[in-house]
Structure formats: C-alpha cells, structure tokens
Amino acid sequence: MQSLDAFAGEKLAALEAKSLRRRLKPTRRHDGAVVERDGRRLISFSCNDYLGLSQHPAVRAAAAEAALNYGAGAAASRLVTGDHPLLGDLEKRLARLKGTEAACVFGSGYLANMGVIPTLVGPGDAIFVDALAHACIWAGAQLSGAKIVRFAHNDAADLARLLEVERPLVRHALVATDGVFSMDGDIAPLDQLSELCARHDAWLMSDDAHGVGVLAEGHGSAALFPGAGIPLQMGTLSKALGSYGGYLCGSQAVVDLLKTRARTLVYATGLPPASAAAALASLDIIEAQPELTALPLAKARLFTRRLGLPKAQSPIVPVVIGSADAALEASAALEARGFLVVAIRPPTVPEGTARLRVAFNAAHDDADVIRLADAIADLRKATA
C-alpha cells in the first residue's frame, strides 16, 4: 500500500539524517579472527565467538554428524515431537556447568528471556530491571504485564531504595540484570543484588550471555561470587559456545514450570540437532581446557593497558566516541587500516554515547591487539 511505503520511507529518511539507519553487510568468517567483507580480509574485533569454537573442527564435526543422524531441524515444538535426545543431554551439561538442578533450552537467548520472565511474573507483580539491561530483558518485562521498575546501572543502593518502597505493594518481585553488560563489558554486583533479593523476598535473574565460557574458567559471572544466591541463570549458546540457542538454569521446579508454560518454548520449534550437538562439543572443550577460557579477558586487558583505559572486566571493551557520525567515521578509519570494529549507535546505547565496541577472542594475536590499540590512540589524537 502507498501509505505503508510512505510511512517506511519517512522513518528511514529520519534515521538516515541522524546516522542511525542500519544496513546488513554480508560477512564471511574464516578461521581465527579473520573475516571477509567486500572482497577484503579484515581482523575482526566485533565478534562474540570469544573462544573461536564455532570454527573448531570438533564442534563443526559434531554439528555435521547430528544433522546427518537427526535431520536439519527439530520439526516441531519440543512438547510435540521436537524434543530430540540431544536436548536432554545438553540441559544436563548446562546445569552441571552452572551448578543448578536443571536447565531448559530455548531457540535463542532472546526467546529465553521473553519466555522466562512472563512465566514467572505478571499483573500484580513487579520486575526491577537494571537501566542498561539487554533489550530482550526489557521485552520480556513488557510482555509480562508486571510493574516495571528501573534501577540505576549496577547501583545496589538505588535498588535497595526502590525495593523498600515497591516490594510491599506487590505479590512477587523479580530482579533482572545482565551478568556481563554487552555494550559496556562491566559486571553486575551479583553478590550485593543477591543479598538484597534475600532480604526482600525477590527472585534474582542474571543474563550471562557474555560471561559463560570466558569468566571463572568458563562457569560465568555468577561463579565470580561464590555463595551468592542466583536462582535464575540465563545464557546463550551463540557466543562463547559457538553455536545457537538459549537456556535457563535453575531448580527442577522452575524448569518444569517453564517447560509447561513458557510460550516461547511451548509454541516454538525446538532447537535444531546440529546446534545442540555443537554446544555439547564446545562444553567438552571448555571443561577440558580452562586455560582457553582465560585468553579473551587477557587480550582485553592487554588492550586497556596499552590505551590507558580502566582494566577490562570482561572480553568487551567500549571506546565511547559520542555522536553517531563520529563513531561511524572512526569505524571506517579502522576498517581502512584492516580492522573490523563496528560502531554501536542509539538506541542500542544511550544518546551521546555512540561507541566502538571492541570484543576480544582467544584467536587474537597480541601484536594485532597492540596495533588496534595504537590505531585507536591515533584516531583519538587526531580528533582531540
């Protein structure tokens, strides 16, 4: 319809004027940290495959064998005929990794958060969300119908104040946060949040998409806080595990409830066998090679030392530029020097904080990390 096309065109033009329009760019990944775009090979610092396991021969072989044995897709919801044997094996392994009774595998991390949160809270309840939590946490909160209360980023004192006021007014309360924040790379104070939740009878949920596989010998951000009670540990298979999918680790009762009522599991096709097999193979490697899991953070800390930035807490380091235009220009300048470092712009990050999000993986050569740091230092001097 003409009105629909006109609407879309006007929206696109407005985004273009603010340098906020996004475009897909076909990218071929090669072994290590090398990618290919427009016929050029670049060293990528914009990939979440922190351990390079998506390219690992054992992981690729496991995926191929599963596709041959079980087929390319699950063919139905897990509650119908899509619960192939590998999913049960994967859930046991994830629960073991995270130290919980059980786990539930979803089709993606986004689907996990959009299914878990509305299953646990609804009208008459409240969900307290870190201001910088991932978009899928906010989406799940909005779908739930619960009252949404935003607390200042990583600010336990602000959460305490809000719990004092809001908790007595609702039936159930859920506190939701990233374990490692995907755009800032910092870590939530899970010990403090856990203590507050215990005091106020609230349930703590941590999204460890960017922590599992790379922190605490692969166990993730929760394992950095021994003794902290984190009953809901969510994560993905698509980053350090090099596959695709999402999960929630928790008690058997919670997992049984999710498998009965979480709409993004009940009404979604199960995870393909190849994805489950790849994740299982990655877990084997992580358990057998704890030294591998330490490499991404070590590379990030080499980078922050070289640039004089605060010590990296995770494999993600933001270099805040400011305007969207300036971030795009910096990204293009680095690409001209052989590096892929994608600019991140609003609404993914707050207005005025467009940035280069630098992600490190085990395959990065130290010399390339130093070259990237020096190239960014040159850009900062040129624009100072």
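Does Pro-26 count as buried or exposed, and at what relative accessibility? Pro-26 counts as exposed, because its relative accessibility is 71%, and exposed means over 50%. The model described here is predicted. This briefing begins with the sheet, continues with the helices and the aromatic rings, and ends with the loops.

- Seven strands form an open sheet with mixed pairing, and their order is 4-10-9-8-7-5-6.
- Strand 4 and strand 6 are the edge strands, each of which pairs on one side only.
- From one strand to the next, the twist averages 20 degrees.
- Strand 7 and strand 8 run parallel and are joined by five bridges.
- Within this pairing, Val-175 stands opposite Leu-204 in strand 8.
- Helix 5 packs on the sheet, where it touches strand 5, strand 6, strand 7 and strand 8. The direction of helix 5 makes about 165 degrees with that of strand 5.
- Helix 8, which covers residues 252-261, also packs on the sheet and touches strand 4, strand 9 (232-236) and strand 10. The direction of helix 8 makes about 25 degrees with that of strand 4.

- Strand 4 runs antiparallel to strand 10 (residues 246-250), and five bridges join the two.
- Cys-249 in strand 10 is the bridge partner of Ala-103.

**Helix 5, a mostly covered helix**

- Helix 5 comprises residues 135-144 and is mostly covered, with seven of its ten residues buried.
- The buried residues of helix 5 are Cys-136, Ile-137, Trp-138, Ala-139, Gly-140, Ala-141 and Ser-144.

**Helix 10 and helix 11**

- The axes of helix 10 (residues 273-288) and helix 11 (residues 290-307) come within 4 Å and cross at roughly 90 degrees.
- Helix 10 is therefore roughly perpendicular to helix 11, a term that covers angles of 65 to 115 degrees.
- On the helix 10 side, Ile-285, Ile-286, Glu-287 and Ala-288 meet Pro-290, Leu-292 and Thr-293 in helix 11.
- By class, this contact has five nonpolar residues, one polar residue and one charged residue.

**Aromatic rings**

- A pair of aromatic rings is described by the distance of the centres and the angle of the planes.
- The count of aromatic pairs comes to three.
- One of them joins Phe-303 and Phe-360, with 5.1 Å centre to centre and 50 degrees between the planes, and is tilted.
- This pair links distant parts of the chain, 57 residues apart: Phe-303 lies in helix 11, and Phe-360 lies in the loop between strand 14 (354-359) and helix 13 (366-383).
- Phe-303 and Phe-360 are both buried.
- Ring pairs link Phe-45, Phe-303, Phe-339 and Phe-360 into a cluster.

**Loops and backbone features**

- Pro-26 is found in the loop between helix 1 (2-17) and strand 1 (28-29).
- Leaving aside residues up to four places away in sequence, Pro-26 touches Glu-36 and Arg-37.
- Pro-26 and Asp-38 are twelve residues apart along the chain, and their C-alpha atoms are separated by 8.0 Å.
- Asp-38 has its place in the loop between strand 2 (34-37) and strand 3 (40-44). Asp-38 counts as exposed because its relative accessibility is 78%.
- Most residues other than glycine have a negative phi, and most peptide bonds are trans.
- Asp-38 has a positive phi, near 50 degrees, in a residue other than glycine.
- Asp-201 likewise has a positive phi near 50 degrees, and is found in the loop between helix 7 (190-200) and strand 8.
- The peptide bond that joins Pro-346 and Pro-347 is cis, with omega about 5 degrees.
- Pro-347 has its place in the loop between strand 13 (343-344) and strand 14.

Conventions. Residues numbered from 1 in each chain as written. Predicted model: local features only at pLDDT ≥ 70, side-chain atom pairs only at ≥ 80, totals over all residues. Heavy atoms only, no water. Axes fitted to C-alpha atoms, helices over the stretch in contact; angles between N-to-C directions. Parallel < 35°, antiparallel > 145°, perpendicular 65-115°, else oblique. Contact = heavy atoms within 4.5 Å. Nonpolar A, V, L, I, M, F, W, Y, C, P; charged D, E, K, R; others polar. Buried < 20%, exposed > 50% of the residue type's maximum accessible area, 1.4 Å probe, protein only. Pairing = 2+ DSSP bridges. Phe/Tyr/Trp six-rings, centres within 6.5 Å; stacked < 30°, edge-to-face > 60°.
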